[in-house]
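Biologist: I would like to learn how to read a model like this one. Could you take me through it step by step?

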Amino acid sequence: MSASLLSSRHASLLLVQFLTAATPLAVIPFLSLQLEQLTGGRTAEASFWTAVAAAAPAATAVVATPLWSRFARGREVSLLLSSTCVLTAASYVTMAIADGAATFAIGRALQGAAGSSIILLLAIDGSSARPTRGYIDLQQAFSAGCCVGPILGGWAFAHQRLSVLLFFAAAALVALATACALLFRSAYFYPPQRREGETQLSESVFALGGRNRVLIVAALFGTAGAFGFIPFFAEWAMRRDAARLDSSAAGMVHASAWLAAMIVLPIWSRVIESVAATRSIAFSLLGTSAACAALSLSATTPWIIAFRIAHGAFHSGLNPAVYAGVRQSDEGVGELAWARTAVTLGQILGPALCGAVVPFAGVDGALALAAGLPAVGLLVLLSVRGDR
């Protein structure tokens, strides 16, 4: 196989990852404001649908991830990639035409069911000579999308062009589906064969080895803390400094955090390979918890930006470290799928828990909870003895 074809395939995977990260991140920082419009300004109803819409893609992804993993075995990679691109495009179209909160939430749910996250992860894992480097590449593409997405979303929301943005993203994904169908023609996904003592994808995460179970649970709490506050960030920031932080500026703050993640990810690659995955996870959880706690005390825009950037930089190493950690075990392919599922599950728990706190403690209480969740993950991680 030519080097140019391999390079083109790798680039197409990263482009899909970029687009499937940029589009949701163009929406989610302004989710509470968008749902407030769709519910006619009814605050209690908007808060409920914000929590539902924020958690919807993660909820469906938790169910779909193991199913997509099993379906992938022996299938054409072109079929898998084009299918997930088309389904994701359909979710964007559903959100674009939504005239009510329920329809918008359905579009978000379809986004999670499309399976792009696990298909891309398995494709990178099966084709990369250095899987840790491959995970970093995917995370950089994800971070790039999360950097660009809030900027576009802030502009689109301010100019009432969110539907146009979603339609454009859907069209781009359909084009990528066609490109993937051509680039990966005759390529099949064959995950490594199960060795003696390994678990199947259908087995429960609680059947995994004790160390892997701890890593996965720690990642769940870390992700919950990182994503739980994002749907309410724009509202919180605008209340802290309304003169400087409008919707566009809030999007820029989100973008700066993901830009920092892109910059530090190569450093994370070296950290993971030199000090081992478990310690890297601990460092990420400690840093995100501290940065989020400091953010809750910030009263001015410069400090809000500084601690949001620090939060993004520390959190960016969590996913690659978890994937690298569970992959080094002798317990099989299932751990990679369950690690991806746990990260997704954290995206359910975070917005749901923070959304439940808002009616009682306001958005400040949601931020405090978001700071505490990675700390819980760090305590869980302390039960690991040794390292890898």
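Predicted model: local features only at pLDDT ≥ 70, side-chain atom pairs only at ≥ 80, totals over all residues.

Biologist: How many residues does the protein chain have, and what share of them counts as buried?

Modeller: There are 388 residues, and 57% of them are buried. The accessible surface of the chain is about 15400 Å², with 66% of that belonging to carbon and sulfur atoms. For contacts, take those between residues at least 6 apart in sequence: 82% of them join residues at least 24 apart.

Biologist: Let's turn to empty space. How is it found?

Modeller: The general idea is to roll a probe the size of a water molecule over the atoms, which shows where empty space is left. In this structure, the search finds 5 cavities of 30 Å³ or more.

Biologist: What volume does the largest cavity have, and which residues lie nearest its centre?

Modeller: The largest cavity holds about 660 Å³ of space. Its lining counts 34 residues, and those nearest the centre are Thr-20, Ser-117, Phe-142, Arg-340 and Gln-347.

Biologist: Which helices supply at least two residues of that lining?

Modeller: They are H1 (3-27), H3 (43-72), H4 (77-97), H5 (101-113), H6 (116-127), H7 (131-158), H14 (318-327) and H15 (334-381). H1 gives the most to the lining of the largest cavity, namely 5 residues. By class, this lining has 19 nonpolar, 13 polar and 2 charged residues.

Biologist: Now for the rings. How do I describe two aromatic side chains that sit together?

Modeller: A pair of aromatic rings is described by the distance of the centres and the angle of the planes. This structure holds 7 aromatic pairs. In one of them, Phe-48 and Trp-49 are edge-to-face, with 5.3 Å from centre to centre and 75° between the planes. Phe-48 is partly exposed, at a relative accessible area of 48%.

Biologist: Why is the pair of Trp-68 and Phe-71 called edge-to-face?

Modeller: The planes of Trp-68 and Phe-71 stand at 85°, so the pair is edge-to-face, and the ring centres are 6.0 Å apart. The cut-off to remember is that planes over 60 degrees apart count as edge-to-face. Both residues belong to helix H3, where they are 3 residues apart, about one turn of the helix.

Biologist: Is Trp-68 buried or exposed?

Modeller: Trp-68 has a relative accessibility of 11%, so it counts as buried; the cut-off is under 20%. Phe-71, in contrast, is partly exposed, with a relative accessible area of 34%.

Biologist: Which residues form an aromatic cluster?

Modeller: Trp-268, Phe-283 and Phe-314 form one. Trp-268 also leads us to Ser-280, which touches it along with Val-271, Ile-272, Val-275 and Ala-321, leaving out residues up to four places away in sequence. Ser-280 sits in helix H12.

Biologist: Why does Ser-280 count as buried?

Modeller: Because its relative accessibility is 0%, and buried means under 20%.

Technical notes
Residues numbered from 1 in each chain as written. Heavy atoms only, no water. 1 Å grid on protein atoms, 1.4 Å probe; cavity = no way out; pocket = protein on both sides within 12 Å on 5 of 7 lines; lining within 4 Å. Points joined across faces, edges and corners; volume = space filled by probe spheres on them. Helix = DSSP H or I, 4+ residues; strand = E, 2+ residues; numbered from the N terminus. Nonpolar A, V, L, I, M, F, W, Y, C, P; charged D, E, K, R; others polar. Buried < 20%, exposed > 50% of the residue type's maximum accessible area, 1.4 Å probe, protein only. Contact = heavy atoms within 4.5 Å. Areas by Shrake-Rupley, 256 points an atom, 1.4 Å probe, with all protein chains shown as cover. Phe/Tyr/Trp six-rings, centres within 6.5 Å; stacked < 30°, edge-to-face > 60°.
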